[in-house]
Amino acid sequence: MNNYIKNIYKSINFPFIDIEYHTFLPSTNSYLKEIANNRKEGLIIIADGQTAGKGRFNRTFFSPDNSGIYMSILLKPKNKGFNSTFITTAAAVAVAKACEELSGKEAQIKWVNDVLINNKKVCGILTEGCINPKSGIPEYVILGIGINAFTPKNGFDAEIKDIAGSVFCENSLSLKSMLTAKVINYFFEYYLNLEEKRFLTEYKNKSVITGKDVLVYKNNSVVSAKAISIDDEFRLLVEYENGSREFLSSGEVSIKLA
Ligand code: BTN
């Protein structure tokens, strides 16, 4: 076991967590999906780099080695009524708080799953699940978290260089371990009491788009709107230019600041 993983184990508060480390994987989410059925809740796959990191809406996630934290957490929620948006939003708050505590910089959340520092995206979250069609209970849920801990040695790819940022200025393995462990600790604290939504107020307070003009991407169309608020189910209330209002759910739309 390398020092990065040893230090994470030293700082995590949950004894059922088991970490499997890889230097490179195509995607930690795709790898975990292949083995999920035979493994226990709390397994975490961590890779130093990914060659085919996946983002939402079939986008790729830039995952160069040694600069980011790429991890996928295996969850096996027991209840039918579980809500995958709660898992994504709990993770967003966990990442934002961990980044703030260790970097001293304010972190904000761009609905629904991006964490920003100084208006640059430092983290993306991709939650994927497999629901049993008969029982309606998930077989498993995979929570994938990608954090740009440091600036990659060759910089960010051209397409994202204006929107991506990193959490820390200096490249330090101990900061990377501490950040990984804090994210895991905050996330499981919320997840083990998911229905209580202890992260709701912080999620709302950290929202960067509330009150702002946004572009709503939905069904191949783009519409201008104002983001009004986020409700207790983490839906985004928007008001279109004609005055009509709509609650947006996370799976169906993507939002950009106008
Ligand atoms: C997004 O911003 O659209 C979501 C990005 C999620 C990236 C993480 S990195 C670890 C895990 N493995 C993947 O292939 N994707 C997620």
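The model is predicted, so local features need pLDDT of at least 70 and side-chain atom pairs count only at pLDDT 80 or more, while totals for chains, interfaces and linings use all residues. Residues are numbered from 1 along each chain as its sequence is written, and side-chain values use heavy atoms, leaving out hydrogens and water.

Spanning residues 173-191, α4 has 19 residues and reaches 27 Å from first to last C-alpha, close to the 27 Å expected at 1.5 Å a residue. Because 14 of those 19 residues are buried, α4 is largely enclosed by the rest of the structure; buried means under 20% relative accessible area with a 1.4 Å probe, protein chains only.

Here are its two packing partners, with angles from 0 to 180 degrees between N-to-C directions and axes fitted to C-alpha atoms over the stretch in contact.

| Helix | Residues | Angle to α4 | Axes apart |
|---|---|---|---|
| α3 | 84-103 | about 140° | 8 Å |
| α1 | 3-11 | about 40° | 8 Å |

The angle makes α3 oblique to α4, and α1 is oblique to α4 too; oblique covers what is left after under 35 degrees (roughly parallel), over 145 (roughly antiparallel) and 65 to 115 (roughly perpendicular).

Contact means heavy atoms within 4.5 Å. On the α3 side, residues including A94 and A98 meet α4 residues, among them V183 and F187. On the α1 side, Y4, N7, I8 and S11 meet α4 residues including T180 and I184.

Methods:
Helices (H or I, at least four residues) and strands (E, at least two) are DSSP runs, numbered from the N terminus. The expected span of a helix is 1.5 Å times one less than its number of residues. Buried means under 20% relative accessible area, exposed over 50%, partly exposed in between (1.4 Å probe, protein chains only).
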